[in-house]
Amino acid sequence: MNSLAATGLARPRRWLSGHPLAADTLLAGLVLCLVVVGAFLAPRAERHPPGAVFLLLSAAACGALAVRRRAPRTVLAVTCALTVAAVVLTRGDGPPRTQIAMSAAVALYTVAVRSERPSALRTVVTTVTALTGVVMLLGAPPWYAQENFGLMAWTGLAGAAGDAVRSRRAFVAAIEERAVRAERTREEEARRRVAEERLRIARELHDVVAHHIALVNVQAGVASHIMDSRPEQAKEALAHVREAGRSALAELRATVGLLRQYGDPAAPTEPAPGLGDLGRLVEGFARVGLSVDVAAVPAPPGASGGAVGAEAAAAAVGALPGAVDLTAYRVLQEALTNVHKHAGPGARAEVTLRRGRYALELTVVDDGGKRPEAAAPPAGGAAEAGGHGLLGMRERAVALGGSCAAGPRGPGTPGFRVCAVLPLPGPGAPAPRVSA
């Protein structure tokens, strides 16, 4: 029953909300009824019933309420003037006719609701003081009649109610605005995180696929070329193809595992690659004809300078945070892959690992191969040729707060140079910069 009654009341309420003029007209009629009934039920009304003048002025004052939302201050002035006129013109007809002031109270409430607090306060104080004072001075004696004090109380209460309603509406509007803003901010943050995750996965996939597919391509070409003349070497090349494909699938499976949803089978738990796998990386490039020398600065104990081997260099660098370790491996992997793809035949690459107090610096330099015209590409490298290798290296470094620079070694010097600086966590670490 309660739900049916609420539904029945909700429909006319929605209709009145959509038709403010009809709602105000209905309110004006209701106020007029209250004014007339109050005038006839007032003390001594049986001996001095309200006359035609009072009824006409009451009808005019209440009728003005039909446009109270369009011109609230004008309606307030009209209702106050008609209230004073009714009190003065009916002065000799018995008790003070202050019932008509109900229309002024409704108009004052409207002004208080639709005005800012300072302006509404001035209007309420001025209206209550002026209206009550004029009625006391010009109305039926005595000036201290209870109807006059009732007029002051009702108009003051109407102004206070209007200010309270205005404050509540402003509070609710502020809460709704904050909720909408928070929802919008949350959606934007979610979209930003999704975009960052997509970019990170795209970089990971590119590094995995580009490196291993390049090795597969070279070994497959070698096998095809020597299949008839040297079948044993062709079988060895195909074995390398199989191993590179297996490694690519393993890393691809681990990367795609990041996309699994909650409740899916568990993702692979193999550790992410790092500088500890640098030896296998260098060995893979050596099998396809790219000679790579690895050095560490400072050099490990017992080293006489120059190349010390990938494992020794990685050990000299020491333990690294997981994100830095993975990024260092991916940068070296991409840089060596670019050397293998773009440098000339017989190219050599030099990898230098330099660990400072606040940063790890990685440098990959190649000599451009035997033919200068086949040297590494100009600054931008694979990225300018349509790939994303150098761009991915820069994004990885920047994501950790570091930097990455790539370009030709210098005028008259063949080859290409890639240098990345990855910051290491620690108090007071300065902003990293790529060395010249």
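Start by selecting H7 (146-226), the helix that gives the most to the lining of the second largest pocket, with 11 residues. Before going further: this is a predicted model, where local features need pLDDT of at least 70 and side-chain atom pairs count only at pLDDT 80 or more, while totals for chains, interfaces and linings use all residues. Residues are numbered from 1 along each chain as its sequence is written, and side-chain values use heavy atoms, with hydrogens and water left out.

Helices (H or I, at least four residues) and strands (E, at least two) are DSSP runs, numbered from the N terminus. Pockets come from a 1 Å grid over the protein atoms alone: a pocket is an open set of points where a 1.4 Å probe fits, with protein on both sides within 12 Å along at least five of seven lines, and lining residues have an atom within 4 Å of a point.

The space here is about 680 Å³, a volume filled by probe spheres set on grid points that are joined across faces, edges and corners. To centre your view, pick Met 102, Ala 105, Val 106, Trp 154 and Ala 158, the closest to the pocket's centre of the 28 residues that line it. Colour the lining by type and you get 16 nonpolar, 7 polar and 5 charged (Ala, Val, Leu, Ile, Met, Phe, Trp, Tyr, Cys and Pro count as nonpolar, Asp, Glu, Lys and Arg as charged, the others, Gly among them, as polar).

Next stop, the sheet. Select the 5 strands, which form an open, mixed sheet in the order E1-E2-E3-E5-E4; two strands pair if DSSP finds at least two bridges between them. Which strands stand at the edges? Strand E1 (291-297) and strand E4 (403-410) do, each with a single partner, so one side of each has no neighbour in the sheet. On average, neighbouring strands are turned by 15° against each other, direction ignored.

Walk across from E1. E1 and E2 run parallel, joined by 7 bridges, and Ala 296 stands opposite Leu 353 in E2. E2 and E3 pair antiparallel, over 7 bridges, and a hairpin joins them through 3 residues. Zoom in on Arg 355 to find its bridge partner in E3, Leu 360. At the other end, 7 bridges join E4 to the antiparallel strand E5 (residues 413-423), with Ala 405 partnered by Cys 419 in E5.

Bring up the helices that cover the strands. Helix H10 (residues 310-317) lies across E1, strand E2 (348-355) and E3, at about 25° to E1. Helix H13 (residues 389-399) lies across E4 and E5, at about 140° to E4. Axes are lines fitted to C-alpha atoms, for helices over the stretch in contact, and angles run from 0 to 180 degrees between N-to-C directions.

Is Leu 362 buried or exposed? Buried, with a relative accessible area of 2% (buried is under 20%, exposed over 50%, partly exposed in between, using a 1.4 Å probe and protein chains only). Leaving aside neighbours within four places in sequence, its contacts include Ala 328, Val 331, Thr 352, Leu 353 and Cys 419; contact means heavy atoms within 4.5 Å. Draw a distance from Leu 362 to Cys 419: their C-alpha atoms are 5.6 Å apart, across 57 residues along the chain.
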